[in-house]
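Hi everyone, thanks for making time. Let me put the sequence and the structure up on the screen, and then we can walk through a few parts together.

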Amino acid sequence: MITLYDFDGKAKGVPWNPNVWKTRYSLNYKGLPYKTVWLEYPDVEPMMKKIGAAPTSKKADGSPLYTIPTIYDDSTGTVIADSVLIAEYLDETYPSTPKLFPPGTHALQGAFQQLFSSMLLPLVIKFIIVDVPLMLLNPGSVEYFNKHRSEQFGVPTLEALRVPPEAKDAEWHKVKDAFGALNALNKDGDTWVMGDTPSFADFVIASVLAALKSMHGKESAEWTRIMSWHGGRWERLMMAVEKYSAVL
Ligand SMILES: N[C@@H](CCC(=O)N[C@@H](CS)C(=O)NCC(=O)O)C(=O)O
């Protein structure tokens with residue numbers, strides 16, 4: 001059985017973290033059974049060290065940063081951190097399951113992910129990260145999250161990143177333009193980045209949308225606005241990934 005490490009939050013058993021969503025979609029798409037272990041932010045590093053996960057990058061002070069998603073697969077005794085490395089491991093270890101990186105798409109999907117992150121980073125920072133502590137986290141994670149994210153973005157407090165009310169409309173326009181540019185890459189009417197088949201790239205897009213949905217709720221102005229953009233292209237994607245959204 002595979003164990004998936006995810007972030008706990010105020011709503012029990014409801015995933016919210018975009019990075020972990022990528023792996024949850026990946027496991028569900030492949031139909032692999034797994035169980036979730038929910039962690040608070042300060043418990044990630046000790047738990048990752050305990051299970052032997054490698055750090056995935058560095059903190060602002062240069063020390064190793066341990067992150068989740070991480071999986072432990074007890075059928076092979078393997079621990080892997082990083083959503084892309086996990087996807088590659090799953091493709092390799094379970095070759096009869098649908099591929100997240102179909103042969104020949106590795107570089108293209110990598111380029112797509114880089115483009116997506118650079119285009120959507122302002123959305124993630126201004127409309128997700130600033131609201132995470134208040135809206136989603138348990139008290140045990142709030143202080144850690146505020147400290148580490150403000151260090152990461154070089155601001156005194158996370159509140160410094162919040163968009164003032166009078167600038168919100170203009171910022172949402174930028175977010176819409178970024179999604180519009182992504183939409184323009186697709187063939188008209190397609191749901192998946194690769195046209196007729198899901199791939200990791202779709203789960204990258206869906207993970208950010210899923211985070212917004214858990215944050216604001218499906219009745220919110222934020223959510224209904226995005227679902228109406230670009231001829232319902234994002235609504236189509238979120239309906240299509242619904243069947244890969246189970247929380248095991
Ligand atoms: N490149 C990694 C990034 C994962 C990542 O940054 N995870 C963050 C949560 S969004 C984390 O675990 N942070 C732990 C910390 O900040 O201490 C992946 O795709 O899995």
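Let's start at Phe 179. Setting aside residues up to four places away in sequence, Phe 179 touches Leu 120, Leu 123, Ile 205, Leu 209, Trp 229, His 230 and Trp 234. Please keep in mind that this is a predicted model.

Phe 179 and Trp 234 are the residues with the most contacts inside the largest nonpolar core, which has 74 residues. Where does the largest share of this core come from? That would be helix α8, residues 200–216, which supplies 12 residues. Both domains take part as well: the core draws at least three residues from each of domain 1 (2–93) and domain 2 (106–244).

Next, please turn to helix α2, which runs over residues 41–51. Here Tyr 41, Val 44 and Met 48 are buried. Just after α2 comes Gly 52, with a positive phi of about 85 degrees.

One last stop, on annotation. An unreviewed UniProt entry places the feature "domain: GST N-terminal" at residues 7–98. In the model, that stretch is 38% helix and 21% strand, and its end C-alpha atoms lie 26 Å apart.

Methods:
Residues are numbered from 1 along each chain as its sequence is written. This is a predicted model: local features need pLDDT of at least 70, side-chain atom pairs count only at pLDDT 80 or more; totals for chains, interfaces and linings use all residues. Side-chain values use heavy atoms; hydrogens and water are left out. A nonpolar core is a set of buried Ala, Val, Leu, Ile, Met, Phe, Trp, Tyr and Cys residues joined through side-chain atoms within 4.5 Å. Buried means under 20% relative accessible area, exposed over 50%, partly exposed in between (1.4 Å probe, protein chains only). Helices (H or I, at least four residues) and strands (E, at least two) are DSSP runs, numbered from the N terminus. Domain bounds come from an automatic or database domain assignment. Contact means heavy atoms within 4.5 Å. UniProt positions are given in the numbering used here, feature names are shortened, and annotations may be inferred rather than shown by experiment.
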